[in-house]
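Hi there,

Here is the structure I promised to pass on to you. Have a look at it first, and then read my notes below.

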Amino acid sequence: METKTNICIWQHRDEKHEPSKTALWLLESRSSYISVAYCYNNYVNAFLIDAFYDHFEKFDEDNKISLGLRACQVIIELQNTLISIKSSLDRIIGIFCEYYRGISKDTTLGHKTIKEDGSASYTGFLSFCNQMKEKDEVFSYILSEYEDWIADCVKPRDSVVHYGDFFNQYDFFEDVQIEIPISTNKHRNETIEINIITLKKYVKKYYNFMDVLIKHLWRIELLSL
């Protein structure tokens, strides 16, 4: 992802090799953009150590890790990945402000709520997307992605940051003879479960989403030159 970022920054320059607004935003957001992949890679490493420890790691006398610590490492990296995705999604408002009037730089992504009459209302940047969805297809796309995966992905964030951690439950898979950690979070009578397949899906969808938005904004900037 770092290589992809560098290529994107280089491509988004004018004839004098000056970085565009999009490239400058990528430079400023490099850490946030890359952190999602970085944290996910750490999660995969922690997951594999935990799941396959009894098969391989226990024979390494110099690097023994307790069961409790292995479980904590899985949870730490899971939560870091989810928080990184949410933080990075909030960062996109900073670049949209450069091309669209009416967006406050101080706003965040926001969320959707369903009213008693069944109608939907939005807060933050999503509220602007809802107002503009008929005028610009990128905002319709953002709302569609929010419904498809973003809402579920960012849902645990408030619980993790403000209320309580995930905890691991283990399901035994006979075909490979290992116990797989399934991470669970409970808050306000709601239970959220995330496994390695779900988290991988979120990460892939995040980078596909960002790729679409960056290309869209770059096209706008080209038209204005």
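Which helices each supply at least two residues of the lining of the largest cavity? They are helix H3 (30–52), helix H4 (67–96) and helix H7 (196–224). Before I go on, please keep in mind that this is a predicted model.

Let's stay with that cavity for a moment. The count comes to one cavity of 30 Å³ or more, and the largest cavity holds about 30 Å³ of space. If you want to find it on your screen, select Trp25, Ser29, Ser32, Tyr33, Ser88, Arg91, Tyr206 and Met210, which line it. Sorted by class, this lining has four nonpolar residues, three polar ones and one charged one.

Next comes the largest pocket, with a volume of about 570 Å³. Its lining is made up of 20 residues, and those nearest the pocket's centre are His111, Val154, Lys155, Pro156 and Asp158. By class, the lining of the largest pocket divides into six nonpolar, seven polar and seven charged residues. At least two lining residues come from each of strand S1 (112–114), helix H6, strand S4 (178–187) and strand S5 (190–194). Of the elements, H6 gives the most to this lining, with nine residues.

Helix H6 deserves a visit of its own. It covers residues 137–163, and at 1.5 Å a residue its 27 residues should span 39 Å; the end C-alpha atoms are 37 Å apart, so the two values agree. Look along H6 and you will also come to a kink of about 60°, centred on Glu147. At the start of H6, a side-chain oxygen of Asp136 comes to within 3.1 Å of the backbone nitrogen of Val138.

Finally, a word on confidence. The chain has a mean pLDDT of 84, with 87% of its residues at 70 or more. Which element of the chain has the lowest mean pLDDT, and which the highest? Helix H1 (residues 2–11) has the lowest, at 65, while helix H5 (residues 124–132) has the highest, at 93. Where pLDDT is low, the predicted coordinates should not be read in detail. Please bear that in mind when you look at H1, with its mean of 65.

Enjoy exploring!

Best wishes

Conventions. Residues are numbered from 1 along each chain as its sequence is written. This is a predicted model: local features need pLDDT of at least 70, side-chain atom pairs count only at pLDDT 80 or more; totals for chains, interfaces and linings use all residues. Side-chain values use heavy atoms; hydrogens and water are left out. pLDDT is the predictor's confidence in each residue, from 0 to 100. Helices (H or I, at least four residues) and strands (E, at least two) are DSSP runs, numbered from the N terminus. The expected span of a helix is 1.5 Å times one less than its number of residues. The bend at a residue is the angle between axes fitted to the seven residues ending there and the seven starting there. A polar contact is a pair of N or O atoms within 3.5 Å; within protein, one must be able to donate a hydrogen and the other to accept it, and residues adjacent in sequence count only if both atoms are side-chain atoms. On a 1 Å grid over the protein atoms alone, a cavity is a set of points where a 1.4 Å probe fits but cannot get out, and a pocket is an open set with protein on both sides within 12 Å along at least five of seven lines; lining residues have an atom within 4 Å of a point. Grid points are joined across faces, edges and corners, and a volume is the space filled by probe spheres set on the points. Ala, Val, Leu, Ile, Met, Phe, Trp, Tyr, Cys and Pro count as nonpolar, Asp, Glu, Lys and Arg as charged, and the others, Gly among them, as polar.
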